[in-house]
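Visitor: I have a structure to go through. Could you walk me through it?

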Amino acid sequence: MAEKVLMKGNEAIAEAAIKAGCRHYFGYPITPQTEIAAYMAKRMPKINGVFLQAESEISAINMVYGVAGTGYRVMTSSSSPGVSLKQEGISYIAGADLPALIVNVQRGGPGLGGIQPSQSDYFQATKGGGHGDYHLIVVAPASVQEMADLTILSFDLAEKYRVPAMLLADGTMGQMMEPVELPEVDYKPTEKDWTVTGTQMKRKHNIVNSLYLSPEELERTNFERFERYKQIEENEVRYESFMMDDAEYCVVAFGIASRVSKNAVIAARNMGIKVGMIRPITLWPFPVKPIAEAADKVKAFLSVELSMGQMIEDVKLASECKKPVYLCNRVGGMIPTPEQVLESIKKMAGGEN
Amino acid sequence: MVVFEKPKSLTDAELHYCPGCTHGIIHRLVAQAIDDLGIEGKTVGVAPVGCAVMAYNYFACDMVEAAHGRAPAVATGLKRAMPENVIFTYQGDGDLASIGMAETVHAATRNENITVIFVNNAIYGMTGGQMAPTSLPGQVTQTSPYGRDVATQGYPVKVSEMLATLDGPEFIARVAVNNVKNVKEAQKAIKKAFENQINNKGFSLIEVVSSCPTNWGMTPVDALKWVEEKMIPYYPLGVYKDRSAKEAE
Amino acid sequence: MTKNILIAGFGGQGVLFAGKFLAYKGMLEGKQISWLPSYGPEMRGGTANCSVIISDEPVGSPIVSKPDILIAMNLPSLDKYEKDVVSGGMIFVDSTLIGRKVERTDVKVFYVPSTKLAQEIGAPKLSNMILMGKVIKEAGAVSYENLEDGLKKVVPAKHADMFDINLKAIETGYNY
């Protein structure tokens with residue numbers, strides 16, 4: 001078993017990526033994720049890897065696109081405004097069916113916003129972000145350990161399904177330190193028949209491309225991609241269920257909001273309120289089934305978010321609006337306290353949220 | 001007897017370019033260089049957005065289609081991942097000198113070991129003839145219907161001259177394909193740009209002054225005349241930077 | 001047992017470093033811990049703070065909004081956070097830099113002239129570690145045993161010469 005070390009979330013992402021076999025990182029400085037780039041700048045040259053500070057977020061994601069075409073594991077990271085810039089490239093990567101990891105350590109927005117933690121890029125991450133019909137696999141770590149574990153998972157899933165994956169964290173997750181055990185990953189690159197690594201004059205040329213001028217053909221590629229999305233939805237949903245067995249009320253929260261909510265759920269239990277929590281670990285695919293099942297049992301849901309209410313829409317959809325869904329939120333870099341969440345739980349239980 | 005053959009590193013796909021367009025010649029020159037150097041099996045090309053968007057169907061080597069202007073960044077990724085492969089981009093003036101200027105300048109200043117073929121025909125062809133960053137002063141286009149007014153629309157970008165001021169790049173040259181003599185010079189320059197990469201010398205960019213009879217509203221013959229009389233005086237041909245040659249002096 | 005600790009002061013006073021020391025020390029003792037800094041421009045001269053949680057249970061929210069233990073290294077920090085400390089909690093005050101007394105009567109207060117003590121031991125920048133010594137003694141969040149192990153994790157190799165003086169600062173605070 002590996003030794004536990006104290007690491008910042010951002011550093012855990014970087015080291016886990018290296019463990020997962022990623023040897024290519026392209027980035028551009030932006031708070032609060034710059035530690036990832038700094039870590040890669042130190043480590044990559046020592047392991048024969050590539051760290052390159054690109055001239056812009058746009059260039060960085062397109063360098064990722066280039067490497068992704070070769071089949072090597074590759075990543076970039078940024079924070080909200082920078083991730084907006086990357087959307088063009090992300091759409092191309094999705095359209096060309098390439099695996100890659102994009103990390104978003106979110107900060108408050110819109111616009112230049114602030115530098116404090118936020119979850120207000122939920123829509124952007126889970127509903128596409130760039131142009132066209134596509135999804136990213138989106139994972140939402142709630143601890144430094146998960147920053148590492150979900151980085152590795154993202155690489156695996158991205159490669160398995162040939163889709164880009166996004167690790168959606170926030171400034172708190174990126175900056176906080178917790179003990180983390182970095183797992184040893186037994187990654188062996190697989191032979192791929194779609195990479196652009198040179199024909200060696202042994203095969204017809206491969207083309208990495210997202211352009212289909214024939215609408216019939218473009219429709220077919222979209223249908224084919226959504227077949228894969230269906231498999232992902234069936235096989236790759238991950239969530240944590242906390243004190244849900246006898247719960248009459250259900251908190252839904254991810255990332256830092258779930259950490260705060262956990263305190264509140266425990267406090268509410270101590271007051272005799274039967275409340276539990278469902279914590280989506282994958283935001284896309286969203287844990288629809290557990291929430292649908294909870295909707296038949298609980299009296300109400302409370303979506304706790306660092307946004308004006310984005311995930312709440314998915315909670316309503318998943319629960320088919322069978323039960324009321326309330327919102328407890330702070331935005332702009334503010335984080336709800338456990339006391340604020342507890343108040344919302346009490347109101348929900350009193351039926352007057 | 002002279003036998004005229006299609007270079008092997010071009011596919012059999014029929015080119016979609018307009019009659020009289022010089023993209024066909026330039027494709028051929030690139031393919032010929034790849035053939036001559038025997039590198040088709042390890043070459044990966046990056047196609048732009050613009051008229052050459054479907055270059056990936058024409059070159060027989062592996063190909064990537066990049067977003068508008070991003071080819072040098074995509075090529076950087078490819079080259080960094082596969083230093084032993086040969087990576088080239090094929091880009092037009094809107095792609096390389098307008099929306100992708102940052103990618104171009106930074107790949108050059110990093111002396112990224114790639115080969116860039118830059119086709120300058122002073123117009124956006126694919127979208128139907130709008131003003132390009134290289135459109136000449138006074139040039140009439142869809143978006144400069146009264147002629148490019150430098151007071152409001154600025155001056156053309158002289159890419160080769162500009163990039164030659166950087167310490168980074170290895171080789172910058174401007175050629176043309178409007179007559180046999182110039183085509184031969186272009187052939188030499190393009191081959192050198194690939195050789196430089198094979199010899200790990202770094203960033204080589206060949207600017208090819210080209211024509212666009214369709215969007216210039218001219219016959220192919222008049223378009224070539226316009227290249228000679230208008231384009232080349234504004235964009236003089238020649239080698240703008242050749243670090244190795246200079247160091248050898 | 002869970003200790004929610006908030007260390008606050010000016011950027012440059014070693015707020016984050018002191019927090020890291022506590023976090024490492026806790027981790028090495030087998031406790032659950034989290035360390036969360038404030039970040040941004042305040043790192044370079046404004047007010048900085050750092051949440052450290054040391055617990056026998058898995059740590060929930062890493063943000064300390066109601067500290068059991070507040071370490072105030074300057075007046076703005078005491079002004080800002082005094083009201084947040086839980087009833088029965090502890091406040092550690094650098095009484096060299098903070099002229100006023102704590103107004104709360106439901107908390108235990110420890111006044112330590114840590115800046116002055118740090119100067120006296122020849123390490124004017126180690127007011128933070130003097131306060132850590134006092135925190136270890138009074139709050140018992142982490143043990144006074146094996147201080148070296150915790151310190152080793154936070155004093156970088158290139159500053160190995162600072163190791164002994166850090167140790168001395170902790171001892172000075174502990175024995176004050």
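Predicted model: local features only at pLDDT ≥ 70, side-chain atom pairs only at ≥ 80, totals over all residues.

**Strands, helices and chain contacts**

Visitor: How do the strands β6 and β7 of chain A pair, parallel or antiparallel?

Guide: They run in the parallel sense, with three bridges between β6 (residues 137-139) and β7 (residues 164-170).

Visitor: And what is the strand order of the open sheet in chain A?

Guide: The order is β3-β2-β4-β5-β7-β6-β13, seven strands with mixed pairing. At the edges stand β3 (50-53) and β13 (282-284) of chain A; each has a single partner strand, so one side of each has no neighbour in the sheet.

Visitor: By how much are neighbouring strands of this sheet turned against each other?

Guide: On average by 20°, with direction ignored.

Visitor: Which strands does helix α1 of chain A touch?

Guide: Helix α1 (residues 9-19) packs on the sheet and touches β4 (74-78), β5 (100-106) and β7 of chain A. The direction of α1 makes about 175° with that of β5(A).

Visitor: Switching to helix α8 of chain A. Is it buried or in the open?

Guide: Largely in the open, because the number of buried residues among the 21 of α8(A) is zero.

Visitor: What span should its 21 residues give?

Guide: Helix α8 of chain A covers residues 215-235, and at 1.5 Å a residue it should span 30 Å. Its end C-alpha atoms are 30 Å apart, so the two agree.

Visitor: Now the chains. Which chains share the most contacts?

Guide: Chains A and B do, out of two pairs of chains in contact. Chain B and chain C have no contact, and their closest C-alpha atoms lie 28 Å apart.

Visitor: How many residues does the contact between A and B take from each?

Guide: Chain A gives 33 residues and chain B gives 29 residues. On the chain B side, the elements giving two or more residues are β1 (43-47), β2 (62-65), α3 (71-81) and α5 (101-109). Of these, α3(B) gives the most, with eight residues.

Visitor: What classes of residue are on that side of chain B?

Guide: There are 16 nonpolar, six polar and seven charged residues on the side of chain B that touches chain A.

Visitor: Which strand of chain A is joined to β2(B)?

Guide: Strand β9 (residues 207-208) of chain A is joined to β2(B) by two bridges, and the strands run parallel. There, A:Ile207 stands opposite B:Met63.

Definitions and conventions:
Residues numbered from 1 in each chain as written. Chains lettered and ligands numbered in written order. Helix = DSSP H or I, 4+ residues; strand = E, 2+ residues; numbered from the N terminus. Expected span 1.5 Å × (residues − 1). Buried ≥ 20, exposed ≤ 12 C-beta atoms within 10 Å, placed from the backbone. Contact = placed C-beta atoms within 7 Å. Nonpolar A, V, L, I, M, F, W, Y, C, P; charged D, E, K, R; others polar. Pairing = 2+ DSSP bridges. Axes fitted to C-alpha atoms, helices over the stretch in contact; angles between N-to-C directions.
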